[in-house]
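Welcome, and thanks for taking a look at this model. Below is a short tour of a few residues and a pocket.

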Amino acid sequence: TGFSKTDNESNAEKYTYVNSFLTKKGVFRPYSFVAELSDAKANDIEEATKAKAAAMFANAVSYELSVYGHTDKDGNIFNKDMAVSVYAPAAMIFRETKFLVDSIEFKKSDTQGEITTFKLTLPGSRDNSLPEVLPWEE
């Protein structure tokens, strides 16, 4: 639940976002905060609360992915903030899912050659939006 700041002359506005990803599984995790509407890039308390929920949810999901090489199929060097599509049932990614590269590490060794390791996050962690479908949902 997000609350706006209040003073002696006005009541706080509030908005409660219900996370259907959790509630449909029987999980209830209440969280309340006071929104700084000017800092939240939001016009109202509902928008600020949804943005907070999306950021919290998306930031809870991250993966590491290592690949051989330092370039994509077109010869462009891998970079931070690029989008990658991942399907990896062994990592509980049961559907092809778009992730953003949060950080990147390049390594080179005599035995394995060039290896790039990506730290991946859901796009919602950047734009404060909730995904329609999660990678682990079948």
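## Ground rules

Helices (H or I, at least four residues) and strands (E, at least two) are DSSP runs, numbered from the N terminus. The model is predicted, and local features need pLDDT of at least 70, side-chain atom pairs count only at pLDDT 80 or more, and totals for chains, interfaces and linings use all residues. Residues are numbered from 1 along each chain as its sequence is written, and side-chain values use heavy atoms, with hydrogens and water left out.

## V61 in its loop

Let's begin with V61, which sits in the loop between α2 and β4. V61 has 8% relative accessibility and so counts as buried (under 20% relative accessible area, with exposed over 50% and partly exposed in between; 1.4 Å probe, protein chains only).

Leaving aside neighbours within four places in sequence, V61 is in contact (heavy atoms within 4.5 Å) with L120, T121, L122 and W136. For L122, 61 residues apart from V61 along the chain, the C-alpha atoms are separated by 6.8 Å.

## S4 in strand β1

S4 belongs to strand β1 (residues 2–4) and is buried, with a relative accessible area of 11%. The S4 side chain reaches the backbone nitrogen of E13 at 2.7 Å. Beyond neighbours within four places in sequence, S4 is in contact with A12, E13, V34, A35 and I45.

## An aromatic pair

Three aromatic pairs turn up in a search of the whole structure (rings of Phe, Tyr and Trp, the last by its six-membered ring, with centres within 6.5 Å; planes under 30 degrees apart count as stacked, over 60 as edge-to-face and the rest as tilted). One of them joins Y63 and F99 edge-to-face, at 5.4 Å centre to centre and 80° between the planes. This pair links distant parts of the chain, with Y63 in strand β4 (residues 62–68) and F99 in strand β6 (residues 93–109), 36 residues apart.

Both partners are worth a look: Y63 is buried at a relative accessible area of 18%, and F99 is buried at 0%.

## The largest pocket

The largest pocket holds about 660 Å³ of space. On a 1 Å grid over the protein atoms alone, a pocket is an open set of points where a 1.4 Å probe fits, with protein on both sides within 12 Å along at least five of seven lines; lining residues have an atom within 4 Å of a point. Grid points are joined across faces, edges and corners, and the volume is the space filled by probe spheres set on the points.

Its lining has 27 residues, with Y17, N19, L22, R29 and A53 nearest the centre. Helix α2 gives the largest share of that lining, five residues.

Conventions: Polar contact = N/O pair within 3.5 Å; in protein donor to acceptor, adjacent residues only side chain to side chain.
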